[in-house]
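Subject: Handover of a structure

Dear colleague,

Please find below the structure that I am passing on to you. My notes on what was found in it follow directly after.

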Amino acid sequence: MKSEPLFYFLMGILFTYFAVDSADDGIWDVTTMLFILIATLDFGTAIRSLLKKTSRS
């Protein structure tokens, strides 16, 4: 899939926005930490997918 890294990158941005928006209650809130974790996994998957595509070419 050509759009897989882009999809994960956009999802990472979306979950980062959700984390910043929910940080009003405090950064150590469970929902904020969950959004941060999901965003980190999305960014990691996007980078891994980009590196895998460049090594195939």
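Tyr17 is a residue of helix 1. Please bear in mind throughout that the model is predicted. The relative accessible area of Tyr17 is 53%, and because the cut-off for exposed is over 50%, Tyr17 counts as exposed. Between the C-alpha atoms of Tyr17 and Ala39 there are 9.3 Å, although 22 residues separate the two along the chain.

Helix 1, which covers residues 4-22, also holds Leu6. With a relative accessibility of 51%, Leu6 is likewise classed as exposed. Leu6 belongs to a nonpolar patch on the surface, together with Phe9, Leu10 and Ile13. The accessible area of these four residues together is about 370 Å².

Ser22 is another residue of helix 1. Is Ser22 buried or exposed? Its relative accessibility is 17%, and since buried means under 20%, Ser22 counts as buried. Leaving aside residues up to four places away in sequence, Ser22 touches Thr31, Thr32 and Phe35. By contrast, 32 Å lie between the C-alpha atoms of Ser22 and Leu51, which are 29 residues apart along the chain.

Which residues of helix 2 are buried? They are Thr32, Ala39, Asp42, Ala46 and Ser49. These buried residues pack against helix 1. Thr32, as noted above, is one of the residues touched by Ser22.

Apart from residues up to four places away in sequence, Ser49 touches Glu4 and Pro5.

Leu41 and Trp28 are 13 residues apart in sequence, and their C-alpha atoms are 18 Å apart in space.

Finally, some values for the chain as a whole. How many helices and strands are there? The chain has two helices and zero strands. Along the principal axes, its C-alpha trace spans about 45 × 15 × 10 Å. The radius of gyration of the chain is 13 Å, whereas a compact globule of 57 residues would have one near 10 Å.

The accessible surface of the chain amounts to about 4500 Å², and carbon and sulfur atoms account for 71% of it. Among contacts in the chain with a separation of 6 or more, 61% are made by residues 24 or more positions apart.

With kind regards

Methods: Residues are numbered from 1 along each chain as its sequence is written. This is a predicted model: local features need pLDDT of at least 70, side-chain atom pairs count only at pLDDT 80 or more; totals for chains, interfaces and linings use all residues. Side-chain values use heavy atoms; hydrogens and water are left out. Patches are made of residues with over 30% relative accessible area and no salt bridge: like charges are joined within 9 Å, nonpolar side chains (Val, Leu, Ile, Met, Phe, Trp, Tyr) within 5 Å. Accessible areas come from the Shrake-Rupley method with a 1.4 Å probe; for residues, only the protein chains shown count as cover. A salt bridge is a side-chain nitrogen of Lys or Arg within 4 Å of a carboxyl oxygen of Asp or Glu. Helices (H or I, at least four residues) and strands (E, at least two) are DSSP runs, numbered from the N terminus. Buried means under 20% relative accessible area, exposed over 50%, partly exposed in between (1.4 Å probe, protein chains only). The radius of gyration is taken over C-alpha atoms; the globule rule is 2.2 Å times the number of residues to the power 0.38. Contact means heavy atoms within 4.5 Å.
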